[in-house]
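I open this notebook to record what I looked up in one protein model, going from the whole chain to single residues.

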Amino acid sequence: MKTISTNAELEGFIDGVLFENPTSLFKIISVKVTKKNFDWNDEMMIVTGSFGDLNLEEKYQFTGLIVEHPKYGQQFQAESYALVRPDTEASLINYFSGSQFKGIGKATAKKIVDSLGISAIDQLLANPDKLATVGIKKTQQEAIIQQLKQSHGTEQLMISLGEFGFGPRLIDQIISKYHTEALEILKKNPYQLVYDIQGIGFKRADQVAEQLGIAADAPVRIEAALIQFLRNDQAINGNTYSDPETVLEGALQLLQSNRGQVPTDQQIAEELVSLASQGGIIVESKRIYLRASFQSEFDIANRLEKLTTAKVKPWSEKSFAKELKALSRWLKVTYDQHQIDAIKMGLNNPLSILTGGPGTGKTTILNAVVVLFAKQHHLSLDPKDYEDGTFPIQLAAPTGRAAKRLSETIGLPAQTIHRLLGLTAVDDPHYLDQAQEINGRLLIIDEMSMVDQQLFQTLVQSVPEGMQVLLVGDQDQLPSVGPGRVFADLIASGCIPTTKLTKIYRQSADSTIVSLAQEINQGHVPDNLTANLPDRSFITCLPGQVAHIIEQVVAKSTARGFSLEETQILAPMYRGVAGIDVLNNDVQALVNPKKTPQTKEVVFGDVKYRIGDKVIQLQNDGQRGIYNGDIGRITGIEVAGKKNDHQAKLFVDFSGQEVELTQADWRNLSLAYCVSIHKSQGSEYQLVILPLTMQNRRMLQRKLLYTAITRAKDKLVMVGQKEAFVKAIMSEGEERRTTLAMRIKKLLQPEEVASDTETSSENNVAKTDLTAQEVNKGESTVNEPSDYRLTAQLIASGTIDPMIGMDGITPNGAIN
């Protein structure tokens, strides 16, 4: 929209609310104009902005911009607003005796004004107790204060939050979260915003804390930095725990980033111990966990113990051989001994794992398991036979595209894990607690490497007794976007029956993509890495040339019949001249340009969306049935207007499911001509275009390259610098720090777990009071220091075990 004028001011009465966003404070209102400082001849004007509760009987003042809507003309875009206060004693008496104040007449109103004067409203908002001095009934006092808060509370909040430097979007989120208590919560602990409000990090909260006079060495500040570092480490690196030295150094960096004055190492170390004693974090041996991560590992291990000990009636050798032979003739497939053992494992165990790369025969084994399971239990595999009930074999995958591919390969219905669990309210931080129990006899989960620890915890807790589970994936792919390395840990524990497939079955004579992936996975740089072969090619270029080269590749592939749906550009990073953002814009301009001035498009930030654009969903939206990583095509655009309450809409087809997305939903949408390699997991494409340059050096690792290459089903075009590909092959990358495998092994095979001070016992969990004087208590194997003061250096060096004085506390005791 075009800005007509700035510094505009408008006064008037609210005529009506035309639109109100149920999840935020955004409203479109009609205002009856009484005063303005700009040219306007109509009696009414449309005003948009973030507003609290508005009263139709009261006058408001708005400041902001006059903008020109392309279809609906001039509108007032409010940046701030205020209720116009009565400015005389007579008008103030009329105000308090108005219909909005129930049970307050002229006499009572006059009492209030006589006692408190013309500033009565401001005095009562600042100190409601002043009304007790007026001499009116308690019920009248409560009614007046409640109405004042309703009328002026949100307005005052918005003004106060604005004084702390928050913009309209963050103010909206803060008030929506905390309501009338927002200011009180912020003043008590501004760092609470870091935990509760998306878009506010430690640095921003620390600026507010400094405005409030909270000292640089205040315990609440140090605690927030410690928690923030652990959260950052979990979100960015995927670790479920860290070590004392790393945590202390990370927290110190956060504390140094904003202020000149920095707490001492001693103060940070003491707050770390205090935080552990309060249960804010869990300390085990030399590992520090966020409470939820620690609990999650135990919950998973406990649930797996129950699942693995369930009774399953095994096939007799004779019956199995007979049915497998019949299946082999029917499907015209010959099974080798390794495949036969894998099929038998999936049928005869309550919980089992199947892992292998592309072309190793996972689908062949899954088909056999499904058919023979149905045969054994006398189940129909026709979904039409279960229209009034639950299909007994449940297939699921982390993303919609992966679920669709699973359904196509097995020939049975499949769905996302979130949909299987009935999870919809993804905006609720506790939405995983709302999972429903899974119904059925056999559960197969594909693309397990994509499943993070929190989701897996919810999944296994939802599996009922008696249901068999088969987990399938490729352990050599990238781990999940969320924390943990669940699939790898399950295999590493050695406690769950596992088949590892390595022999390649699916590869034609002129196909080299699968063998290339295998060589890369083994850390070998193929001699023919840059060779041009029938199914793959390598185009050498510098970072600044990547976009131009990719445009040419896309143009030629489109001319040769490769659809945009089956052509996918994969890149490691969003920024840079060869990053996802640049490539998306360039390819969009090539394949879906704005052909005429009449071509429909909407703009959101730096992105333009047009009908026909390929887009990706970035967050789970269970209510609409679309999930993180789902790719769709824009089929329609509805511009903002009266018929849609001035809210533009996009209509997107996600694999045959059309959804309607309002502007508030667009923040979870992006162009998808190029997507991140992480987002591509669970998908396969006929043609994959893979640009890698040394600008991506910090991201280059073997699993990243292996994952990208294994997305290519038929053709692969590698673009960029050979040294970048070689660096990726030679770099194993750092494994995520988790202890899930250890938990599982200790619980399921305790006799095989060697005594290890690093592993520790379940009793070594931090949740008790700890002081400097208690440092020498407990059964510690470390040397006792001559100085019993707990410092960052002592913790980090191992001279003092952070768990000293925390004996006798069990994991359950630390959690409950």
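This is a predicted model: local features need pLDDT of at least 70, side-chain atom pairs count only at pLDDT 80 or more; totals for chains, interfaces and linings use all residues.

Residues are numbered from 1 along each chain as its sequence is written, and side-chain values use heavy atoms, with hydrogens and water left out.

**Entry: the whole protein**

I looked up the secondary structure and found 28 helices and 25 strands in the protein; these are DSSP runs numbered from the N terminus, helices being H or I of at least four residues and strands being E of at least two. Of the 816 residues, 52% are buried. I then turned to contacts (heavy atoms within 4.5 Å), and among those with a separation of 6 or more, 68% join residues 24 or more positions apart. The accessible surface, from the Shrake-Rupley method with a 1.4 Å probe, is about 37,400 Å², and carbon and sulfur atoms hold 47% of that surface.

**Entry: helix α19**

How many of the eight residues of helix α19 are buried? I find that seven of the eight residues in this helix, which spans residues 486-493, are buried, so the helix is largely enclosed by the rest of the structure. The buried ones are Val486, Phe487, Ala488, Asp489, Leu490, Ile491 and Ser493. Their cover includes helices α12 (291-308), α18 (453-461) and α26 (740-748), together with strands β8 (351-356), β12 (468-473) and β13.

**Entry: salt bridges**

I count a salt bridge where a side-chain nitrogen of Lys or Arg is within 4 Å of a carboxyl oxygen of Asp or Glu, and the structure holds 20 of them.

Arg259 pairs with Asp206, with 3.1 Å between the closest N and O atoms. This pair links distant parts of the chain, 53 residues apart, with Arg259 in the loop between α10 (244-258) and α11 (265-277) and Asp206 in helix α8 (residues 202-211). I note that Arg259 counts as buried because its relative accessibility is 10%, and that Asp206 counts as buried at 0%.

A second bridge joins Asp336 to Lys503, with the closest N and O atoms 3.8 Å apart. Asp336 lies in the loop between α13 (317-331) and α14 (337-348), and Lys503 in the loop between β13 (498-501) and α20 (513-521), so the bridge ties together parts that are 167 residues apart in sequence. Asp336 is partly exposed, at 21% relative accessibility.

Arg633 sits in strand β19 (residues 631-638) and Glu565 in the loop between α21 (546-559) and β15 (567-571), 68 residues apart. Here Arg633 is partly exposed at 23%, and Glu565 is partly exposed at 39%. I also recorded one network, in which salt bridges that share partners join Glu284, Arg287, Glu297 and Arg743.

**Entry: the loop between α15 and β9, and other loops**

Is His378 buried or exposed? It is exposed, because its relative accessible area is 74%, and it is found in the loop between α15 and β9. The phi of His378 is near 55 degrees, a positive value in a residue other than glycine. Asp382 is found in the loop between α15 (362-376) and β9 (393-397) and is partly exposed, with a relative accessible area of 33%.

I looked at Ser655 as well, which lies in the loop between β20 (649-654) and β21 (657-662) and has a positive phi near 50 degrees. Most residues other than glycine have a negative phi.

Last, I checked Lys311, which is placed in the loop between α12 and α13 and is exposed, at 81% relative accessible area. The C-alpha atoms of Lys311 and Gly466 are 7.6 Å apart, although the two residues are separated by 155 residues along the chain.

Methods: Buried means under 20% relative accessible area, exposed over 50%, partly exposed in between (1.4 Å probe, protein chains only).
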